[in-house]
Amino acid sequence: MRIGIVCYPTFGGSGVLATELGKALADEGHQVHFITYQQPVRLNVFNANIFYHEVRVPTYPLFDYPPYEVALASTMVDVIMNHDLDLLHVHYAIPHASAAYMAKQIVKQKTNRNIPVITTLHGTDITLVGKDKTYEPVVTFSINESDAITAVSQNLKEETYKFFPIHKEIEVIHNFVDVGRFNKKPIDAFRKVIAPNGEKILIHASNFRKVKRVVDVIEIFAAVRKEMPAKLLMVGDGPERPGTEEMTRELGIEDDVRFLGKQEQMEDILAVSDIFLLPSEYESFGLAALEAMAARSVVISSNAGGLSEINTQGETGYMANVGDVAAMSRYAIELLKDDQKLETMKEAAYQQACRFDIKNIIPVYEKLYSRFCRMGPC
Ligand code: GMT
């Protein structure tokens, strides 16, 4: 099939998932057209089946806000018509679902063709941004106008029905991970630089927004550090980073915490990890945690949102209520003191990740697409 994929090209989970999906579909022989304002960060391969169309937003002195959604819809129309796309798959409702609706109407008027639009809801498009009155009517309308709607977890599906008058079926297709890529042997030299004396390594990766509760990450690590030598890697960047760095200096643990910034080679970093910390206020799914599990890292997280759909208490990791830093610290300390338990749980985390392997989820998307083949289900 010829599939258009629209996503945020940045380090966020929705863009990562959409890019990995497109790459896998191209490997399966589909022609995949990415339509984004920048080359997606994970689109780092050459594949003759992958095309990238940049959305350019011309500016004009009159505009305080350049009309991105208009440029996006126009680019979608151009790609649908000139590359004869079979369907559009948009990731993250705002503004992708409404731009797709606009493109669909234009294509219908020009060619009398009904281009199917599939919208995948990822999380904050529903739970944070989408709920805002400023966006809600357009979000509700464009989700309802989609030909198919998917959510990345059961929890997100329920949250969507709770907050939006959606009258269509939302299908749950869980996020996935390429286990083969993340199940890597640690690079010895890297481990030695990070933890020269064999210290245990904890990792957090996110976009450092308030919802991630990075302050909790530092507090958990400070509690661990009081009990044993350990190192913390903070991967990513965002608004909460400066304050968090300051906090490590105030607590006197700055020599044991490295802020690595945005990183593409997550598999190499996660390979040295013992525990992955994700104490978020909310996660629709927690793709970062799933990638860590595929790298054999035990996840200590909050129990918010869809995290319990991947993390199993006492088996693949531990969960506690949002903000219960004491419980998360206790779990981490106990586990790091028990090497045998740590190894058992790492293996269980890996086995759990295998259930969400890319090989299991891509056929589900293909089956969904096949409902929209032009000649009827194929
Ligand atoms: O929260 C982020 O880091 C970014 C955000 C996004 O939209 O890119 O992530 C959301 O989508 C991911 C992929 O489906 C999920 O794994 C994350 O849990 C979800 N984030 C939230 O719900 C806060």
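**Close-up views of salt bridges and enclosed spaces**

Aspartate 268 is buried, with a relative accessible area of 16%, a value that falls under the 20% limit for that class. This residue opens the series of views below, which are all drawn from a predicted model.

**View 1. Aspartate 268 and lysine 184 are joined by a salt bridge.** The nitrogen-to-oxygen distance between the two side chains is 2.5 Å. Because aspartate 268 belongs to helix α11 (residues 266-270) while lysine 184 sits in the loop between α7 (179-182) and α8 (188-194), the pair ties together parts that are 84 residues apart in sequence. Whereas aspartate 268 is buried, lysine 184 is partly exposed, its relative accessible area being 36%.

**View 2. Aspartate 84 and arginine 2 form a salt bridge through their side chains.** Here the N to O distance is 3.2 Å. Aspartate 84 is found in the loop between α2 (68-82) and β4 (87-91) and arginine 2 in strand β1 (residues 2-6), so this contact links parts of the chain that lie 82 residues apart in sequence. Both partners are partly exposed, aspartate 84 with a relative accessible area of 33% and arginine 2 with one of 28%.

**View 3. Lysine 359 is paired with aspartate 357 in a salt bridge.** The closest N and O atoms of the two residues are 3.5 Å apart. Lysine 359 counts as exposed, at 64% relative accessibility, whereas aspartate 357 is buried, with a relative accessible area of 9%.

**View 4. A network of salt bridges links Glu20, Lys23, Arg42, Arg181, Glu267 and Glu291.** Side chains of opposite charge can pair when their charged atoms come close. The structure as a whole has 27 salt bridges.

**View 5. The largest pocket has a volume of about 1,100 Å³.** Of the 44 residues that line this pocket, Phe11, Gly12, Gly13, Ser14 and Asn207 are the closest to its centre. At least two lining residues come from each of α1 (13-27), α11, β11 (275-278) and α12 (287-294), and α1 gives the largest share, four residues. By class, the lining of the largest pocket consists of 18 nonpolar, 18 polar and eight charged residues. Domain 1 (2-175 + 358-370) and domain 2 (179-355) each contribute at least three residues to the lining of the largest pocket.

**View 6. The largest cavity holds about 70 Å³ of space.** Rolling a probe the size of a water molecule over the atoms shows where empty space is left. A search of the whole structure finds one cavity of 30 Å³ or more. Seven of the residues that line the largest cavity are nonpolar and five are charged, while no polar residue takes part. At least three residues of this lining are drawn from each of domain 1 (2-175 + 358-370) and domain 2 (179-355).

Technical notes
Residues numbered from 1 in each chain as written. Predicted model: local features only at pLDDT ≥ 70, side-chain atom pairs only at ≥ 80, totals over all residues. Heavy atoms only, no water. Salt bridge = Lys/Arg side-chain N within 4 Å of Asp/Glu carboxyl O. Buried < 20%, exposed > 50% of the residue type's maximum accessible area, 1.4 Å probe, protein only. 1 Å grid on protein atoms, 1.4 Å probe; cavity = no way out; pocket = protein on both sides within 12 Å on 5 of 7 lines; lining within 4 Å. Points joined across faces, edges and corners; volume = space filled by probe spheres on them. Nonpolar A, V, L, I, M, F, W, Y, C, P; charged D, E, K, R; others polar. Domains from an automatic or database assignment.
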